[in-house]
Amino acid sequence: MARALINVPAKAARGEIIEIKTLIQHPMETGFRVGYNGAMIPRDIISNFVCAYNGVEIFRAELSSAIASNPFLTFTTVAAESGEITFKWTGDNGFEAIETAGITVA
Amino acid sequence: MKPLIQPSRIQPSRRRFMAGAAGAAALQIVTSRGASATPEAMRAEITRVTGGAPVRSGKVALDIPQLVENGNTVSMAVSVESPMTPADHVKAIHVFNEKNPQPQVISMYLGPRAGRAAVSTRIKLADTQKIIAIAQMSDGSFWSGSADVIVTIAACLEDL
Amino acid sequence: MRALRALAAGLALGLAAAGAAEIAPGERRSGYDDMGPQTRAMQDDDSANPGMFWVLDGQALWSRKEGAAQKSCADCHGGAEAGMKGVSARHPAIDAARAKPVDIEERINICRAGRQQAAPLARESKELLALTAYIARQSRGQPVSIALDAQTRSFIAQGAAIWNRRQGQLNLSCANCHDDNWGRKLAGAGVPQAHPTGYPVYRLEWQTLGSLQRRLRNCMTGMRAEAYEYGSEEFAALELYLMARAQGMAMDAPGVRP
């Protein structure tokens, strides 16, 4: 299971714009590198990322081989209501990781 | 007949020696590179994403260090001038490059709930090149910003 | 400034035989000091520093029971936050039984053999990197504090001799770059002073975490020299010399470096 680091403020004022940072452990093998045996190393990347706030998608990204290993993404959202923010990464070889962070909005 | 290359009798300075080492390191990298996206391939990819709509220059700020410390991991931030209201907001930000094996870097989809059109990630750059970010607005218009980056090569690498 | 430095380099060359080709304490700069703002930001924020993945793995390993003795690190040392504070800043250190310097990687394997009765962890293995990252993290902000007794000094001198020895097809010594030409460029990349305060580091070039010995092997490959073996006496002496050279500088592991 890949580790992920999520940085979401635990508390926010209603209407405040908060920054969300996500970092996930993944080699992001490009598919363009040659291995020791002279053969191409097959591609192994995360290709999709979705962030939902209480079940509603607020940010989505399509990643390519040009994203660095251990993909890092930051984006913003308006703190609307208390609840859960979920993060889902999917990619080659059936890769899937899901993380959740709680937020209290007052 | 004189030989084409004569061995130098002058002791190379340390600076020369360092340059020699640098050249050798660069050579090692070149051999490990395969196909690369050409500027034409990048233009074709941009056309595919925009559907051929005109792309105006402006509103998009692309923040990448001009001199990249290592092309394997390059911090990149994109921000777009937009009120981010339901009526007027950024729908997507697409990033392209000229010289990686493929022209696309990342596509990010956002909306008024973002509050601000400001995103960042870390990318791989195979070479010194131009990076272009294109924002797709809710009114259907496309805006772009670009950055020229110089990618240096680490002097000390592992044997491949 | 340049003229001054050239003069200093000239002086240093003259004094090389006396082993004094060193950077003045006031001129020392860590790799962190030489990095761009984006790379610094990557290290400064734990939620943006990929090195923290290894720290978290190390934290889990710290309390995992291992070997025939079924003991965890925590069973002897307690919590790492208190027990391991400053430990990486003191290594390599002389191991009394072996009468030679051991780095933190070897120290862990000595513990595994003696206390846990477990097989040694391979150099650069995920587990050894995780443990060294977790232990080094407890020394963040602590000054490098190598013991400077007579026995240690003899190994520091051995490391200094390796540092100053020209080797490889390019006939370069470590000092040629890192003492005489730091702050300049090599293949467009800045030449650092090479103070190992951040190891194990997340190197952008590697896109992963690696030890000081892995980094030293990269340098030796760059010099077209035959790299010493992992765990060799040469590396232990060289690591010890580098840490003594960085004496008093603040530890910043897990560092991020280009």
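Which residues of α4(C) are buried? The answer is in point 2.

1. Basis of the note. This is a predicted model, in which local features need pLDDT of at least 70, side-chain atom pairs count only at pLDDT 80 or more, and totals for chains, interfaces and linings use all residues. Residues are numbered from 1 along each chain as its sequence is written, while chains are lettered from A and ligands numbered from 1 in the order in which they are written.

2. Helix α4 of chain C. Helices here are DSSP runs of H or I with at least four residues, strands are runs of E with at least two, and both are numbered from the N terminus. The buried residues of α4(C) are Gly51(C), Met52(C), Phe53(C), Trp54(C), Val55(C), Asp57(C) and Gly58(C). A residue is buried if 20 or more other C-beta atoms lie within 10 Å of its own, exposed if 12 or fewer, and partly exposed in between, with C-beta atoms placed from the backbone. The cover over these residues includes β1 of chain A, and α8 (126-137), β5, β6 and β7 of chain C. α4(C) has 12 residues. From first C-alpha to last, α4(C) reaches 17 Å, close to the 16 Å expected at 1.5 Å a residue. That expected span is 1.5 Å times one less than the number of residues.

3. Chain C against chain A. Here 8 residues of chain C are in contact with 10 residues of chain A. Contact means that the C-beta atoms, placed from the backbone, lie within 7 Å. Helix α4 (residues 51-62) gives the most to chain C's side, with 3 residues. By class, that side has 5 nonpolar, 3 polar and no charged residues. Ala, Val, Leu, Ile, Met, Phe, Trp, Tyr, Cys and Pro count as nonpolar; Asp, Glu, Lys and Arg as charged; the others, Gly among them, as polar.

4. A sheet in chain C. Three strands are ordered β6-β5-β7 in an open sheet of 3 strands with mixed pairing. Because β6 (208-210) and β7 (256-257) of chain C stand at the edges with a single partner strand each, one side of each is left without a neighbour in the sheet. Strands pair if DSSP finds at least two bridges between them. β5 (residues 201-203) of chain C pairs with β7(C) in the parallel sense, over 2 bridges. In this pair Arg203(C) stands opposite Arg257(C).

5. Crossing helices in chain C. Helix α9 (residues 150-164) packs on helix α12 (residues 233-245) at an angle of about 95°, with axes 7 Å apart. So α9(C) is roughly perpendicular to α12(C). Axes are lines fitted to C-alpha atoms, for helices over the stretch in contact, and angles run from 0 to 180 degrees between N-to-C directions. Angles under 35 degrees count as roughly parallel, over 145 as roughly antiparallel, 65 to 115 as roughly perpendicular and the rest as oblique. The contact includes Phe155(C), Ile162(C) and Trp163(C) of α9(C), and Leu238(C), Leu240(C) and Tyr241(C) of α12(C). Its residues divide into 10 nonpolar, 2 polar and 1 charged.

6. Helix α11 of chain C. This helix (residues 212-222) is mostly covered, with 8 of its 11 residues buried. Among them are Arg214(C), Arg215(C) and Arg217(C). Just after α11(C), Arg224(C) takes a positive phi of about 60°.

7. Chain B against chain A. In this interface 26 residues of chain B are in contact with 22 residues of chain A. β6 (104-109) and β7 (118-123) are the elements of chain B that give two or more residues to its side. That side has 10 nonpolar, 12 polar and 4 charged residues.

8. A sheet across two chains. The order is β1(A)-β3(A)-β6(A)-β7(B)-β4(B)-β2(B), an open sheet of 6 strands with antiparallel pairing. β1 (4-7) of chain A and β2 (60-63) of chain B stand at the edges, each with a single partner strand, so one side of each lacks a neighbour in the sheet. Neighbouring strands are turned by 15° against each other on average, direction ignored. β6 (residues 72-78) of chain A and β7(B) pair over 2 bridges in the antiparallel sense. There Leu73(A) stands opposite Thr121(B).

9. Ile123 of chain B. Ile123(B) is found in strand β7 of chain B. Ile123(B) is buried, with 25 other C-beta atoms within 10 Å. Residues that Ile123(B) touches include Ala66(A), Ile67(A) and Ala68(A), as well as Val105(B).

10. Chain B as a whole. Chain B has 2 helices and 9 strands. Of its 160 residues, 41% are buried.

How values were computed: Contact = placed C-beta atoms within 7 Å. Lists of a residue's contacts leave out its neighbours within four places in sequence.
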